[in-house]
Amino acid sequence: METCKLIQLWKNGDKAARDKMVEINMGLVYSIAKRFVGRGTELEDLIQIGSIGLIKAIDNFDTNYNVKFSTYAVPVITGEIKRFIRDDGMIKVSRSIKENLIKINRSIEYLRSENGIDATIEEIENCTGLNKEEIIMALDASKGIESTNEIIYNKDGSALTLQDKLKDERDEYKKVRDNMLLKSLMDKLDDFQRQIISLRYFEDKTQTEVAKILQISQVQVSRLEKKILLYMRQCT
């Protein structure tokens, strides 16, 4: 209840509520970050990256979903850390630049959520304590690629472009949101309706197979399925 209240306060412009959400959930970030220790990245860096994922989860969480915030946040935080580890292995830069880049990315995410627009170099300077040259050097090192179609990673014949990376990130967040929405919609169904949808769309049963399991006719399954899907669409 407190989480939903804080999320709603943040969406209404209460910055202190967002800071409180970050504070409350740092333990979650720490527990996820510990899983990735030993993969070439220090725990402190993993926590910093996980914090960026936490901020994204707070900003994108919909209180209308009938799920706990942690259920939504865990895959978002985990995905952020996984992307960092993956990308860190693609483009090698010095440790100091990587540390600066973590600070910069976190400040950019924070400033964007605060102001609704992309941060300026001066704002990033004030937020990170880095000077302009350090910021530009870190950002240039992180770009490394001019074209989104240029291959940035190639192993065993599998090429990966920057465009692929960006698409992966968008797809991952969309998948999380879709799963949350689906669970919320399924919770609105009664047990019989939920069983029909589960059998059809989670277990890939045919209408005939569902009919045998539920001991009704295939025509009834078809009619009920259409009715349930229409109801679910109307709820979105």
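The crossing of α2 (15-34) and α3 (43-60) is right-handed in this predicted model, where a crossing is called right-handed if the near helix is turned clockwise from the far one by less than a right angle, and left-handed if anticlockwise. Helices (H or I, at least four residues) and strands (E, at least two) are taken as DSSP runs and numbered from the N terminus. The axes of α2 and α3 come within 8 Å and cross at roughly 130 degrees, the axes being lines fitted to C-alpha atoms, for helices over the stretch in contact, with angles that run from 0 to 180 degrees between N-to-C directions. The two helices are therefore oblique to each other, given that angles under 35 degrees count as roughly parallel, over 145 as roughly antiparallel, 65 to 115 as roughly perpendicular and the rest as oblique. On the side of α2 the contact (heavy atoms within 4.5 Å) is made by Arg18, Met21, Val22, Asn25, Met26, Val29, Tyr30, Ala33 and Lys34, and on the side of α3 by Leu43, Leu46, Ile47, Gly50, Ser51, Leu54, Ile55, Ile58 and Asp59. By class, these residues comprise 12 nonpolar, 3 polar and 3 charged, where Ala, Val, Leu, Ile, Met, Phe, Trp, Tyr, Cys and Pro count as nonpolar, Asp, Glu, Lys and Arg as charged, and the others, Gly among them, as polar.

Residues are numbered from 1 along each chain as its sequence is written, and side-chain values use heavy atoms, with hydrogens and water left out. Because the model is predicted, local features need pLDDT of at least 70 and side-chain atom pairs count only at pLDDT 80 or more, whereas totals for chains, interfaces and linings use all residues.

Helix α2 also packs against α1, their axes coming within 7 Å and crossing at roughly 140 degrees, which makes α1 oblique to α2. This crossing of α1 and α2 is left-handed. Glu2, Thr3, Leu6, Ile7, Leu9 and Trp10 of α1 meet Lys15, Ala17, Arg18, Lys20, Met21 and Ile24 of α2, and the residues of this contact divide into 7 nonpolar, 1 polar and 4 charged.

The largest nonpolar core has 29 residues, of which Leu54, Ile58, Phe69, Ile77 and Ile81 touch the most other members; such a core is a set of buried Ala, Val, Leu, Ile, Met, Phe, Trp, Tyr and Cys residues joined through side-chain atoms within 4.5 Å. At least two residues of this core are supplied by each of α1 (2-11), α2, α3 and α4 (69-88). Apart from it lies another core, of 12 residues, among them Met186, Ile197, Leu199 and Val221. Pro75, in helix α4, is partly exposed, with a relative accessible area of 28%, where buried means under 20% relative accessible area, exposed over 50%, and partly exposed in between (1.4 Å probe, protein chains only). Pro75 and Ile32 are 43 residues apart in sequence and 9.6 Å apart in space, C-alpha to C-alpha.

Two glutamates also fall in the buried class. Glu109, in helix α5 (residues 95-115), counts as buried at 15% relative accessibility and, leaving aside its neighbours within four places in sequence, is in contact with Arg18, Ile52, Ile55 and Lys56. Glu109 and Ala119 are 10 residues apart in sequence and 8.7 Å apart in space, C-alpha to C-alpha. Glu225, in helix α11 (residues 218-235), counts as buried at 5% relative accessibility, and its contacts, with neighbours within four places in sequence again left aside, are Arg200, Tyr201 and Gln207.

Helices α9 (residues 191-202) and α10 (residues 207-214) pack at an angle of about 140 degrees, with their axes 10 Å apart, and are therefore oblique to each other. The crossing of α9 and α10 is right-handed, and the contact is made by Phe192, Gln195, Ile196, Leu199 and Arg200 of α9 and Gln207, Val210, Ile213 and Leu214 of α10. By class, that contact has 6 nonpolar, 2 polar and 1 charged residues.

Over the protein as a whole there are 11 helices and 2 strands, which follow the pattern α-α-α-α-α-α-α-β-β-α-α-α-α along the sequence. Of the 236 residues, 36% count as buried, and residues 24 or more positions apart account for 59% of the contacts with a separation of 6 or more.
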